[in-house]
Amino acid sequence: MTDAAAPSSPQQRTSVVVVGAGPAGLTAANILRAASVDCVVLETESREFIEQRPRAGFLEEWAVRALERRGLAERLLANTQVHTECEFRLEGERHTFRYGEVTGQRHFVYPQPLLVTDLVRVYADERGGDIRFGVRDVELRGIDSDRPSVSYTDPETGERLRVDCSAVAGCDGARGVTRTCLPPEHTAISRYDYGIGWLALLAEAPPSSDCVVFGIHPRGFAGHMARSPQVTRYYLECPPGDDPENWPHERVWAELHERLAAAGARPLTEGQLIEKRVLDMRSYVVEPMAYGRLYLAGDAAHLLAPIGAKGMNLAIHDALLLGDALVAYCGKGDERGLSGYSAACLPRVWQYQEFSLWLSEIYHGASSGDPFLAGTTAARLRRTLASPAAAADFAELFLGKDTDY
Ligand SMILES: Cc1cc2nc3c(=O)[nH]c(=O)nc-3n(C[C@H](O)[C@H](O)[C@H](O)COP(=O)(O)OP(=O)(O)OC[C@H]3O[C@@H](n4cnc5c(N)ncnc54)[C@H](O)[C@@H]3O)c2cc1C
């Protein structure tokens, strides 16, 4: 990329510039910091903003254990809720699926803003890491050389600053700039559009079930997921690109009551809607996830529609591998981890994409308007619930059980 201001920019030097302070960037930065590898984290938003941005909430057990081994899960383990089962509601019946019994593993409910808060605190406050918030106009140069640099505008002074480094970790999410620096002739981006929207809601209301509930209904999918004792995430399938203003409070709750209705189910506790936005279900995968000395991690490299609650887990998986590979490279000049980084990440990326696609068909078959699809996907779900072999297969993918895909 060009950077007209770079020649006159005040220069600094570090080993790694991490672009983006989400779960991926902060996990990688913490690994670097713990190994005494210099790094600078650049983030466009403020600290307050990223510590409150609501998004994911479900962590797979392997991810929690990996964070624990890095000294990054103390608060998480003290404050998390643990789930071992979920419930499908189909044709007015409730079907509990006890994945904990099948896999011996659990889901940890811990809202993403809390995880981000913890990771910033450990990196910046405890380990003294360098993180710069509110930066603007981030630009990368020389990623195909051994001396790349990242420049940005300082929010306080308006000054253009440049940081030279040995490698750049592109962890700036789906709307960041690092992915756009990959040369198209060396990069393949595979995209998939589900043609479905989900109205993502956060309600100031306690959860109405002890576990996650998936409502499969001719009017559209509905989901219920605990976030905390006071806040619950709900999803409602809607047309892609729908306007959240089409969903006033009364309509939202009427649809949730109807789509999640089942014999013997606890009535939903209503509450004020504190987030209401439409997510178009789309996915992409960037291959390879690296070019030159730029390495992408998390949503920058692959977006997963939140159907399977996989994105944050995958971001952590990438960051663990990338953090270790960067430590080996910057510390000992060992390039093996970096050269194998993309190939090591992609099998899990594709496995999670495939699982999301498979699950999407179950969630949306009943509302597809196609009776054949409704019948076959209901049959698939009933087999998943009834057959031990099918249940084991589903549970392993649902938990992202740490097998070598
Ligand atoms: C409603 C919703 C529910 C979800 N539920 C789940 C779930 O239950 N489980 C799950 O695993 N996943 C879930 N996800 C997905 C999950 O939130 C993402 O996959 C995860 O945030 C990816 O982390 P990341 O670090 O790669 O990117 P991000 O979290 O997007 O972080 C990227 C950071 O980079 C910053 N940035 C952007 N551009 C620049 C730039 N140019 N320069 C510097 N910084 C920049 C951004 O401000 C941001 O802080 C959900 C997503 C949504 C939207």
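How far apart do the end C-alpha atoms of residues 13–355 lie? They are 42 Å apart, and the span is 30% helix and 31% strand. Helices here are DSSP runs of H or I with at least four residues, strands are E runs of at least two, and both are numbered from the N terminus. The UniProt record, an unreviewed entry, annotates residues 13–355 as "domain: FAD-binding"; positions follow the numbering used here, the feature name is shortened, and such annotations may be inferred rather than shown by experiment.

Some housekeeping. This is a predicted model, where local features need pLDDT of at least 70 and side-chain atom pairs count only at pLDDT 80 or more, while totals for chains, interfaces and linings use all residues. Residues are numbered from 1 along each chain as its sequence is written, and side-chain values use heavy atoms, with hydrogens and water left out.

Now to the ligand. It has 36 residues around it, with Glu43, Arg53, Arg55, Gln112 and Met312 coming nearest (a heavy atom within 4 Å counts as near). A polar side-chain atom of Glu43 lies 2.6 Å from a ligand oxygen. Backbone N or O atoms take part too: one of Ala24 lies 2.9 Å from a ligand oxygen, and one of Pro23 lies 3.2 Å from a ligand oxygen.

A volume is the space filled by probe spheres set on the points.

The whole structure has one cavity of 30 Å³ or more. The largest cavity has a volume of about 40 Å³ and is lined by Ile50, Arg53, Arg55, Gln112, Pro113 and Val116. Helix H6 gives the most to that lining, with three residues.

Pro113 turns up again in the second largest pocket, among the residues nearest its centre along with Pro54, Pro111, Leu202 and Val231. That pocket holds about 190 Å³ of space and has 15 lining residues. Helix H6 (112–126) and strand S18 (272–287) are the elements giving two or more residues each to this lining.

Methods
1 Å grid on protein atoms, 1.4 Å probe; cavity = no way out; pocket = protein on both sides within 12 Å on 5 of 7 lines; lining within 4 Å. Polar contact = N/O pair within 3.5 Å; in protein donor to acceptor, adjacent residues only side chain to side chain.
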